[in-house]
Amino acid sequence: MENGNNVAASPEEVRRSPAFGWAARDTSGVLSPFTFSRRKNGENDVTIKILYCGICHSDLHSVKNEWQNSVYPIVPGHEIVGVVTEVGGKVDRFKVGDHAGVGCMVNSCRSCHECAGHLENHCPGMIFTYNSTDVDGTVTYGGYSDSVVVEEHFAVRFPAGMPLDRGAPLLCAGITVYSPMKRFGFDVPGKHIGVVGLGGLGHVAVKFGKAFGAKVTVISTSPSKRQEAVERLGADAFLVSKDPDEMKAAWGTMDGIINTVSGNHEVTPLLSLLKTFGQMVMVGAPEKPLEIYAFPLLLGGKSIVGSAIGGMKETQEMIDFAAEHNVTADIELISMDYVNEAMERVAKADVRYRFVIDIGNTLSAT
Amino acid sequence: MADGGSCSSHEYRSPHHSDRKKAMAELGNGKKQASPEEVHPRKAFGWAAKDKSGVLSPFAFSRRNTGADDVTIKILYCGICHSDLHTAKNEWSNAIYPMVPGHEIVGVVTEVGQNVQNFKVGEKVGVGCIVNSCLSCQNCNRDYENYCPRIILTYNSLDVDGTMTYGGYSNMVVVNQHFVIRFPENLPLDKGAPLLCAGITVYSPLKEHGLDVPGKHLGVVGLGGLGHVAVKFGKAFGMKVTVISTSLKKEKEAIERLGADAFLVSSNAEQMQAAMGTMDGIINTVSADHSIAPLAFLLKTHGKMIMVGAPEKPLQLPIFSLILGGKTLAGSCIGGIKATQEMIDFAAKNNITADIELIPISYLNEAMERLTKADVRYRFVIDIGNSLTEA
């Protein structure tokens with residue numbers, strides 16, 4: 001299953017319940033209506049009628065085979081929210097009518113050290129919500145579709161009062177920043193956190209940071225985002241990364257940095273912003289290797305850490321926290337047939353800050 | 001920083017910062033000032049590098065009188081650290097000549113100031129890389145003098161009185177008691193000296209990052225001055241230790257003599273593949289340019305790689321090597337004084353010493369040349385007490 005040349009055993013042959021969505025057929029990444037099927041609801045499963053699905057930049061990378069691992073047709077989408085329509089006999093956390101979400105994972109081995117430690121995201125047998133090989137040998141299809149069937153362990157309860165459309169992006173963008181912020185103690189009131197990049201991940205990081213009681217400084221290449229960051233998102237300060245004076249004035253002031261930038265960039269000036277023992281968490285994935293000079297790390301005992309989404313327990317915790325503190329994503333709600341145009345705008349970062357597809361109202365079987 | 005500073009060069013941020021910078025610049029420009037013989041009242045002698053050839057030769061200079069908080073030490077041994085070589089040759093672009101290197105100093109106390117309670121004449125003591133710090137900033141207050149912005153290093157550093165510090169390739173040194181390390185009775189002075197830099201450099205991050213837990217698996221990259229001590233500490237902590245090296249010929253040494261549990265040749269793809277995802281932590285002592293990503297893959301989920309070597313060229317780090325598994329790449333630079341004393345006490349208790357080649361001072365330049373070729377197992381130590389005489 002490599003390089004977009006191989007096509008999986010057609011799911012229609014293996015699964016039973018009809019489903020429809022939009023899929024990319026080739027490396028152009030252009031999406032179009034697609035009929036397929038889902039497994040029947042098993043005893044541990046919940047079936048969710050999808051109402052909303054966020055568009056994550058990863059969806060774009062995948063449909064265009066930028067990571068060299070795409071298996072077409074791909075139905076992307078891993079920021080899924082909807083209503084439960086069926087539950088299996090052994091399900092105890094959900095009932096029909098509940099609001100539920102599905103993020104980036106739909107399965108893991110459930111027996112390794114990582115799974116036992118609630119780190120399903122690092123399980124060697126973890127299965128992604130789309131473009132992954134499921135336990136039955138078929139390819140998983142994601143949330144640009146009308147329904148999904150998932151083991152309850154990988155479904156997230158949406159608390160009452162949590163907006164479904166603005167909550168959807170939290171299932172990927174939210175957990176991606178929340179997890180390292182908790183892991184490295186950036187959630188302690190009074191800490192000073194830097195957020196590099198103000199996009200889907202960055203704007204949510206600012207909101208969580210403020211909800212944690214941290215001082216938040218946004219670091220960006222574009223001065224034009226200053227007003228937005230400070231006045232609308234609530235950041236305490238804004239640094240233009242290309243302004244050496246602004247950057248120097250902030251040297252050694254930050255306990256931690258969440259770096260959401262996926263374009264190639266220099267990390268050395270960012271390391272200078274950290275206090276002794278400060279950590280910079282990389283949640284964006286630049287294509288080229290980072291150039292890391294040793295001395296900026298050694299002088300000050302600083303770290304660069306990678307982080308990738310989070311486990312299921314933490315994802316539920318994150319959604320509950322977001323509901324309690326009114327943290328939601330800033331979205332542009334779109335109809336299903338706008339999706340290709342939206343993808344083009346994602347490529348240019350022309351969105352504030354996440355597109356969410358109004359599946360419930362605009363996806364219809366052709 | 002981008003052009004490479006040393007682990008022992010810092011941006012000073014003292015209130016007199018601009019004065020000190022000016023003084024440094026003037027020293028560098030060869031402005032006439034009191035010669036090192038005259039600046040302080042006490043005569044001292046040692047060997048100094050006079051220029052960036054790094055060649056050392058006999059040198060007369062002076063030391064301050066014993067202040068109220070000071071300890072005066074007659075030096076018996078001094079280890080040769082690779083930093084001495086880098087600094088003497090101005091490889092880090094911060095050398096002020098003449099330079100007396102040496103920051104792995106062991107000797108005997110000959111005089112103490114009136115405020116000194118914890119040391120007495122005749123006691124065996126050591127001095128490492130730090131001779132002063134502000135003692136009031138957040139880092140100093142948390143026992144991290146090594147990260148103090150106003151740190152003063154044992155040599156090639158501008159002291160509070162505006163003079164340059166001179167290190168341990170000399171007959172005596174005067175140091176603020178806070179920065180003096182007591183040597184327990186049973187710790188050999190010559191083999192213990194390298195612990196004052198090499199030892200603390202590996203001990204501190206291993207402790208900070210929880211890589212001192214019995215049963216955990218530690219990788220040690222590079223088997224030199226730092227690496228061989230890391231293996232010894234790792235085993236003393238009860239860990240499984242795997243040495244990762246470029247040369248197969250070090251395997252027997254690593255396993256049979258140093259006690260490592262396993263040995264990987266980093267260019268052997270099969271061995272490296274088999275060891276993927278098996279290590280809780282890696283301490284990377286290599287200062288030559290090398291590839292980091294294959295080492296990162298040896299780490300378990302949430303594993304940490306600690307850099308204590310300082311390659312000149314930037315490391316190339318494909319970000320997936322950290323993102324997959326949520327791994328950490330951390331830097332570390334020596335350690336605080338409290339940790340240094342703790343490390344020495346631990347070493348004494350667990351019979352950990354460096355493997356050394358003891359040399360007379362007359363062999364110094366030859367030793368430096370061998371050091372450039374890593375031709376030593378694993379630290380030279382100068383027998384100062386028996387071989388350094390006034391020229």
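pLDDT is the predictor's confidence in each residue, from 0 to 100. This is a predicted model, in which local features need pLDDT of at least 70, side-chain atom pairs count only at pLDDT 80 or more, and totals for chains, interfaces and linings use all residues. Residues are numbered from 1 along each chain as its sequence is written, chains are lettered from A and ligands numbered from 1 in the order in which they are written, and side-chain values use heavy atoms, with hydrogens and water left out.

The predictor assigns the complex an ipTM of 0.92 and a pTM of 0.91. In chain B the average pLDDT is 91, and 91% of the residues score at least 70. Over residues 1-20 of chain B, pLDDT stays under 50; for this stretch the model has 46 contacts (heavy atoms within 4.5 Å) beyond four places in sequence. Where pLDDT is low, the predicted coordinates should not be read in detail.

Helices (H or I, at least four residues) and strands (E, at least two) are DSSP runs, numbered from the N terminus. Two strands pair if DSSP finds at least two bridges between them. An open sheet of 12 strands has the order β12(A)-β11(A)-β10(A)-β13(A)-β14(A)-β16(A)-β16(B)-β14(B)-β13(B)-β10(B)-β11(B)-β12(B), with mixed pairing. β12 (237-240) of chain A and β12 (262-265) of chain B stand at the edges, each with a single partner strand, so one side of each is left without a neighbour in the sheet. Direction ignored, neighbouring strands of this sheet are turned by 20 degrees against each other on average.

Within chain A, strands β14 (residues 274-282) and β16 (residues 303-306) run parallel and are joined by 4 bridges. Met280(A) has Ile304(A) in β16(A) as its bridge partner. On the sheet packs helix α6 (residues 198-208) of chain B, which touches β14 of chain A as well as β10 (217-221), β13 (279-284) and β14 (299-307) of chain B. The direction of this helix makes about 155 degrees with that of β13(B). Axes are lines fitted to C-alpha atoms, for helices over the stretch in contact, and angles run from 0 to 180 degrees between N-to-C directions.

In chain A, helix α6 (residues 200-212) lies across β10 (192-196) and β11 (215-220), at about 165 degrees to β11(A). The axes of α6(A) and helix α11 (residues 312-324) of chain A come within 11 Å and cross at roughly 70 degrees. α6(A) and α11(A) are therefore roughly perpendicular to each other (65 to 115 degrees). Phe208(A), Ala211(A) and Phe212(A) of α6(A) make the contact with Met318(A), Phe321(A) and Ala322(A) of α11(A).

Helix α5 (residues 173-183) of chain A also packs with α11(A), at an angle of about 100 degrees and with the axes 10 Å apart. That makes α5(A) roughly perpendicular to α11(A). Here Gly174(A), Ile175(A), Tyr178(A), Ser179(A) and Lys182(A) in α5(A) meet Glu314(A), Thr315(A), Glu317(A), Met318(A) and Phe321(A) in α11(A).

Some backbone details remain. Most residues other than glycine have a negative phi, and most peptide bonds are trans. Tyr72(A) and Pro73(A) are joined by a cis peptide bond with omega about -5 degrees, and Pro73(A) lies in the loop between α2 (57-63) and β4 (80-87) of chain A. Asn65(A), in the loop between α2 and β4 of chain A, has a positive phi near 60 degrees.

Definitions and conventions. Angles under 35 degrees count as roughly parallel, over 145 as roughly antiparallel, 65 to 115 as roughly perpendicular and the rest as oblique.
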